[in-house]
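Subject: Structure for your files, with notes

Hello,

The structure is placed below, followed by notes on what was found in it. Please read the notes with the structure open.

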Amino acid sequence: MTANNDEQAILTVNNIEVVYNHVVLVLKGLSLAVPKGSIVALLGSNGAGKSTTLKAISGLLPLEDGEITDGWLEFEGQRLGDELPHKLVRRGIFQVMEGRRVFEDLTVEENLTCGAYTRRDRSGVKADLDKCFNYFPILKDRLGKLAGYLSGGEQQMLAISRALLARPTLMMLDEPSLGLAPLLVEEIFAIIQEINQKEGTSILLVEQNAQMALGVSSYGYIMESGRVVLDGPVERLLADQDVQEFYLGLGSGGARKSYREVKHYKRRKRWLS
Amino acid sequence: MDILAQLIVSGIAVGGVYALIALGFVVIYKATSIINFATGEFMMIGAYFFYTFLVMVGMPPIPSFLMVMLCSAMLGLFIERAILRHMLGQPTISIVMVTIGLSSILMGLAEMIWSTDFKNFPPLFPRAPIILGDIIIRSNLFWGFIVAMLAVAAFALLFKYAKVGVAMRATAGDQMAAFSMGINVRTMFTVAWSLGAIAAALGGVIIGNIGGIQPTLGNIGLKIFPVVILGGLDSIAGAVVGGFIVGLVENIAGGYLDPYVGGGVKDLAPFVVLVLILLIKPYGLFGKEDIERL
C-alpha cells in the first residue's frame with residue numbers, strides 16, 4: 001500500500017491510528033509517503049480524515065485533543081516523537097491550514113513577519129519576501145492592510161507566502177482551493193507547482209478538488225473513512241475507472257450520470273471502504 | 001473655570017497611571033484570555049520591590065526602578081509557569097478563582113515580608129509643584145504621569161514593531177495558527193504574564209510615590225475594571241483611553257459633587273459610568289464584537 005521508495009522519501013507515515021478525545025477513532029492505520037521534491041495529493045471526501053492526517057504530521061493534533069495511538073512518522077529519515085508544532089516548523093514541516101487562518105487583526109506585513117518567525121537570517125528573509133511578491137504581486141500593494149479585510153484569494157496568497165517565508169522542506173497545504181473562484185484556483189495551483197519546481201519544496205496537498213490536485217501531483221492517495229483505499233502514480237489514478245467515476249465526476253465513457261449510476265456509486269463506495 | 005481646568009489636568013495625570021496599570025491587565029487578557037484579578041496586587045508588590053531596593057538596599061532610584069522591572073517579570077513568569085499554565089483549558093470560573101486566590105496570597109505575603117506599616121518613598125523629584133499657567137500640579141503626580149506615558153509608549157512600540165510583540169498579537173488572534181507559524185505559544189503566555197506584571201508594577205511604583213504604600217495598595221487595582229471594561233478587555237488603545245476617561249470622570253465628579261454629599265463620589269463615579277456604558281455598548285468602547293467573516 002505505501003509507496004516503497006523509503007530512501008528518497010522526505011516523509012513516511014506508517015500505519016498511524018489517531019484518536020480524538022480518547023474515543024473517536026479517526027485514522028485507522030494510515031500509511032503514505034512523500035518522495036523528496038515531489039507533489040503528492042491526498043484526496044477524499046469530507047470527513048475522510050485528510051486534515052487529521054496533516055495535523056498528525058505537523059503536530060497540531062494535540063491542540064485539538066487528538067493523539068496518535070499507533071504507528072509512527074518519519075521525516076528526513078528520522079522518527080518524529082511528540083514534538084510540539086513550533087519545533088516541527090524549525091525542522092522544516094509547515095502546514096498551511098484549512099481556511100487560510102490569516103491573523104485578521106494583523107497587517108499583511110505582520111502576517112508575513114509571523115511566517116518568517118523561525119528564521120534568523122534577515123537577508124535570506126528579504127530575498128524570500130521578494131520571491132513572494134514575485135509570485136503574488138498583489139500582496140505588495142496590500143502590505144499595510146489588515147489581513148482580515150483581504151479577499152479570500154488574497155488571504156490564500158498570504159497564507160502560502162507565510163509558508164514560503166518559513167522556508168520549509170515539506171509544505172503541506174490543506175484545501176488551498178476552498179472557497180476560491182475557479183480562475184483563482186488555477187492560478188494558485190500553478191504557483192504551487194512553481195514553488196515545487198523552483199524551490200524544490202516537497203508538497204503534500206490535501207484537496208477535494210481532485211481534478212486540480214491530480215493535475216499538479218505525481219502521486220496520489222485516496223482516503224475513505226480513515227484509510228487509504230487507493231494509491232498510485234497520477235497517470236494510473238486518472239485512468240482508474242473508480243477514480244474517474246467517484247472523484248472526477250465522469251461516468252463510464254464520459255456519459256451523463258443516471259440515477260442508476262448514482263446508486264451504483266454509493267454501493268461501490270461502501271464496498272471500497 | 002479655573003477649577004475645571006485644574007480638575008481636568010489632574011484627571012488626565014491620574015488617568016495616565018491608570019492606563020499603564022490597565023495595560024498590564026489587557027496584555028495578559030489578550031494573550032491568554034485570563035482575567036487577572038491579581039493585577040492590583042502585582043502593582044502593590046511592585047511598589048514594595050521599589051521600596052526594598054531604594055530604601056532597604058539603598059540603591060539609587062533608576063537602578064531600583066530597573067530592578068523592579070526585573071523582579072516583577074520574574075514574578076509574572078513564576079506565576080504563569082507554576083500555576084496558570086496548569087490551568088489551561090479549565091473552566092473560566094476556576095481560573096478566575098485562582099487569580100482571586102493569588103491576589104490574597106500576594107497580599108498576605110506582602111504583610112509577612114514588609115509588615116502592614118504605612119511606608120513612604122524618600123522624595124524622588126523636586127518638591128516644588130509644577131505650574132502651568134493657572135494650573136498647579138503636584139510634582140509627584142506630574143512626574144508619575146510622564147513616567148507612565150513613557151512606559152505606555154514603550155509597550156505600544158514593543159507590540160507594534162518588535163517580532164515578539166507581533167507574535168504575541170498573532171497568538172492572541174489565533175493560537176493554533178500561531179503554533180503553525182513556529183511560534184511557541186506557551187512562551188508567549190509567559191512573556192505576556194511577565195509584561196503584564198511589569199506594567200502593573202511600574203504603575204504601583206508611581207502610585208506608591210504619590211500616596212505611600214501599604215499592603216492594601218492593591219485595592220486601587222479594582223479601579224482598572226472600569227478602565228478595561230470601558231476600553232474593551234482586549235484593546236490596548238482602549239486601555240489607554242479608558243484610563244484617561246476614568247481619571248477625568250473621578251476627578252471632575254469628585255471635585256464638583258463631593259462638597260454636596262460629603263465625599264466618596266470620586267470612588268463611585270467611575271463605576272456608575274461603567275454600568276452606563278456597558279448598558280449601551282456591552283463589549284466596551286473599543287472591545288471587539290468578534291468580527292464575523294465567511
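By class, the residues lining the largest cavity are six nonpolar, no polar and two charged (Ala, Val, Leu, Ile, Met, Phe, Trp, Tyr, Cys and Pro count as nonpolar, Asp, Glu, Lys and Arg as charged, and the others, Gly among them, as polar). This is a predicted model, in which local features need pLDDT of at least 70 and side-chain atom pairs count only at pLDDT 80 or more, while totals for chains, interfaces and linings use all residues. Residues are numbered from 1 along each chain as its sequence is written, chains are lettered from A and ligands numbered from 1 in the order in which they are written, and side-chain values use heavy atoms, with hydrogens and water left out.

Cavities

The lining of the largest cavity consists of B:Val27, B:Lys30, B:Ala31, B:Phe159, B:Met168, B:Arg169, B:Ala172 and B:Ile236. The elements that give two or more residues to this lining are H1 and helix H6 (163-173) of chain B; helices (H or I, at least four residues) and strands (E, at least two) are DSSP runs, numbered from the N terminus. The volume of the largest cavity is about 50 Å³, and the structure holds five cavities of 30 Å³ or more. On a 1 Å grid over the protein atoms alone, a cavity is a set of points where a 1.4 Å probe fits but cannot get out, and a pocket is an open set with protein on both sides within 12 Å along at least five of seven lines; lining residues have an atom within 4 Å of a point. Grid points are joined across faces, edges and corners, and a volume is the space filled by probe spheres set on the points.

Second largest pocket

The second largest pocket has a volume of about 690 Å³. It is lined by 21 residues, of which A:Glu109, A:Thr113, A:Val125, A:Leu129 and B:Lys163 are the closest to its centre. Two or more residues of the lining come from each of helix H3 (108-115) and helix H4 (122-135) of chain A, and helix H5 (139-161) and H6 of chain B. H4(A) gives the most, with five residues. The lining of the second largest pocket divides into eight nonpolar, three polar and 10 charged residues.

Helix pairs

In chain A, the axes of H4(A) and helix H6 (residues 152-165) come within 9 Å and cross at roughly 150° (axes are lines fitted to C-alpha atoms, for helices over the stretch in contact, and angles run from 0 to 180 degrees between N-to-C directions). H4(A) is therefore roughly antiparallel to H6(A) (angles under 35 degrees count as roughly parallel, over 145 as roughly antiparallel, 65 to 115 as roughly perpendicular and the rest as oblique). A:Val125, A:Asp128, A:Leu129, A:Cys132 and A:Tyr135 in H4(A) meet A:Ser161, A:Leu164 and A:Leu165 in H6(A), where contact means heavy atoms within 4.5 Å. This contact has six nonpolar, one polar and one charged residues.

In chain B, the axes of helix H1 (residues 2-32) and helix H8 (residues 185-211) come within 8 Å and cross at roughly 165°, so H1(B) and H8(B) are roughly antiparallel to each other. The residues of their contact are 16 nonpolar, four polar and no charged.

For helix H9 (residues 224-231) and helix H11 (residues 265-280) of chain B, the axes come within 9 Å and cross at roughly 25°. H9(B) is therefore roughly parallel to H11(B). B:Phe225, B:Pro226, B:Ile229 and B:Leu230 in H9(B) meet residues of H11(B) including B:Pro270 and B:Phe271.

Regards
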